[in-house]
Amino acid sequence: MASVKEHYDSHLAPLYTWISGGAAGPRARFSELLNAHHLVPSRPGAPALDLGAGSGFQSLPLASAGYAVTAVDLSETLLAELSANAAAEHLTVSTILGDLCAVMRDVASSAPEVIVCMGDTLTHLDTLTQVEQLLHDAATTLAPGGHLLISFRDYHTSRREGSDRFIPVRSDDNRIFTCFLDYAETHVAVHDIVHTRETTGWKMSLGVYPKLRLDPSRVRTCLQSAGLKLVRDDLQAGLATFVARRPAAR
Ligand SMILES: C[S@@+](CC[C@H](N)C(=O)[O-])C[C@H]1O[C@@H](n2cnc3c(N)ncnc32)[C@H](O)[C@@H]1O
């Protein structure tokens, strides 16, 4: 099985925004989340950190809202796309190519007002211990009164069986993207199957990588024991979303 980085480099990164149905919908949904929780920078250029930023579905709305955003990702292709999107909209986003767990430790003194780890990035980490350490580091790094925003797919609570494990993700006239999930005890092996139309016919390519079967209740407990107050905690259509606030004074 490929590592997460290998899988994005060889397979997923150039298709990521297309698979998501384009950038407009995800960006609008994230802006709605910011608005719903009245998240605005306390001053122009207050810091925000986007962990596993991808092509910028969260970074660009944060920059538009006036945050000084640092976007972290291990995919050079996706960070290049993010930077091009930001430049096209006359926005500035700093990028760091690297492992988000290491970056989280390095920026411990920067006190971001917002830390974001959304769109299933958490399940890309290797172990539950890494997730718990990351959440703990984020909680202690946030500025007092700051917010941590998380979303991830719940592969823990229920398990797809039989042909339900085949998920038609996206298609157009020239490409078909299908996902197949193979469940193990702690992880699910995600098979990304791409059919591409070529002059000689359809060509198939396949990439497989692991995702964590992360239990939302473990994440909830971890956020609470790190001293954060949950201001959103929901599970809709298999997607867990948490917004957690660090108290203004401890
Ligand atoms: C499913 S995408 C989510 C991207 C974006 N946040 C969104 O909502 O569309 C997961 C992203 O996390 C990145 N990623 C996964 N593990 C990482 C790690 N350990 N360090 C940095 N980036 C990572 C991947 O390269 C990918 O861009």
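Helices here are DSSP runs of H or I with at least four residues, strands are E runs of at least two, and both are numbered from the N terminus. Everything below comes from a predicted model.

**View 1. The loop between β5 and β6, with Ser158.** Ser158 sits in the loop that runs between β5 (147-153) and β6 (166-171). Going from Ser158 to Leu97 takes 61 residues in sequence and 34 Å in space, C-alpha to C-alpha.

**View 2. What surrounds the ligand.** The ligand has 20 residues around it, and the closest are Gly52, Gly54, Leu100, Gly119 and His124. By class, the shell splits into 10 nonpolar, seven polar and three charged residues. Two of the elements to look for are α1 (4-12) and β2 (68-73), each giving the shell at least two residues.

**View 3. The buried side of α1.** Helix α1 also has buried residues: Val4, His7, Tyr8 and Leu12. They span an arc of only 95° around the axis, so they end up on the same side of α1. As a reminder, an α-helix has 3.6 residues a turn, so residues three or four places apart point the same way. The packing partners of the buried residues of α1 are α2 (16-19), β8 (187-198) and β9 (201-212).

**View 4. Helix α7 crossing helix α8.** A pair of packed helices is described by the distance between the axes and the angle between them. For α7 (residues 128-141) and α8 (residues 216-225), the axes come within 9 Å and cross at roughly 35°. The crossing of α7 past α8 is right-handed. On the α7 side, the residues that meet α8 are Leu128, Glu132 and Leu135, while α8 brings Arg218, Val219, Cys222 and Leu223. Sorted by class, this contact has five nonpolar residues, two charged ones and no polar ones.

**View 5. Two loop residues with positive phi.** His90 is in the loop between α5 (76-88) and β3 (93-97). Its phi is near 55°, a positive value in a residue other than glycine. His90 counts as exposed, with 7 C-beta neighbours inside 10 Å. Ala111 is in the loop between α6 (100-106) and β4 (114-117). Ala111 is not a glycine either, yet its phi is positive, about 50°. With 14 other C-beta atoms within 10 Å, Ala111 is partly exposed.

**View 6. Phe177 on strand β7.** Phe177 belongs to strand β7 (residues 175-183). Phe177 and Thr196 are 19 residues apart in sequence, with 8.8 Å between their C-alpha atoms.

**View 7. Lys229 and its partners.** Lys229 is part of strand β10 (residues 229-236). Which residues does Lys229 touch, not counting residues up to four places away in sequence? The partners are Ala244, Arg245 and Pro247. Lys229 and Ala244 are 15 residues apart in sequence but 5.3 Å apart in space, C-alpha to C-alpha. Lys229 has 12 C-beta neighbours inside 10 Å, and 12 or fewer makes a residue exposed, so Lys229 counts as exposed.

Technical notes: Residues numbered from 1 in each chain as written. Predicted model: local features only at pLDDT ≥ 70, side-chain atom pairs only at ≥ 80, totals over all residues. Axes fitted to C-alpha atoms, helices over the stretch in contact; angles between N-to-C directions. Left-handed = near helix turned anticlockwise from the far one by under 90°. Contact = placed C-beta atoms within 7 Å. Nonpolar A, V, L, I, M, F, W, Y, C, P; charged D, E, K, R; others polar. Near = placed C-beta within 6 Å. Buried ≥ 20, exposed ≤ 12 C-beta atoms within 10 Å, placed from the backbone. Arc of directions from axis to C-beta.
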